[in-house]
Amino acid sequence: MDFFNHQLDRAESRYLVTGWTHTGAPVAEWLQEPPARETKDLTTAAMQARNGAMKLAQADAGDEGRENAQGLLRGLGEAMTAAADALAQDMGIGDAAEYGG
């Protein structure tokens, strides 16, 4: 969460832009906030850090919803495998697993 807060602070603070003139002289200018691309990158990094922290908090709390979702996905996968096997048999091509099913 510290990284999350740090990135948001950076996205809202002054930003030093550096570059070169057409003659090759270095130039620098302070902006009141980062350009749009940098703001997007900073907020994306912040949100990824927040999402990671939330996942860790859920894992530490023993999230029952996560276990339910895993069971649902496991059941869905088994149903899809059974449907692929049935289709393969109907088409007379044998076991669908042979074909990456």
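Q: Which residues in helix α1 are buried?
A: In this predicted model, Phe4, Gln7 and Ala11 are buried in α1, which spans residues 2-11. Buried means under 20% relative accessible area, exposed over 50%, and partly exposed in between, with a 1.4 Å probe and protein chains only. Helices are DSSP runs of H or I with at least four residues, strands are runs of E with at least two, and both are numbered from the N terminus.

Q: Why do those three sit on the same side of α1?
A: They cover an arc of only 70° around the axis, which puts them on the same side. The arc is taken from the directions from the helix axis to the C-beta atoms.

Q: And what's exposed on the other side of α1?
A: Asp2 and Asp9 are exposed there.

Q: Switching to the strands: how do β1 and β2 pair?
A: β1 (residues 15-20) and β2 (residues 26-31) pair in the antiparallel sense over 6 bridges. Pairing requires DSSP to find at least two bridges between two strands.

Q: What stands opposite Trp20?
A: Pro26 in β2 does.

Q: What about the turn, which residue there has a positive phi?
A: Gly24, with a phi of about 95°; the hairpin has 5 residues between β1 and β2.

Q: What's the overall pattern along the sequence?
A: The chain reads α-β-β-α-α, and 8% of its 101 residues count as buried.

Note on methods
Residues are numbered from 1 along each chain as its sequence is written. This is a predicted model: local features need pLDDT of at least 70, side-chain atom pairs count only at pLDDT 80 or more; totals for chains, interfaces and linings use all residues. Side-chain values use heavy atoms; hydrogens and water are left out.
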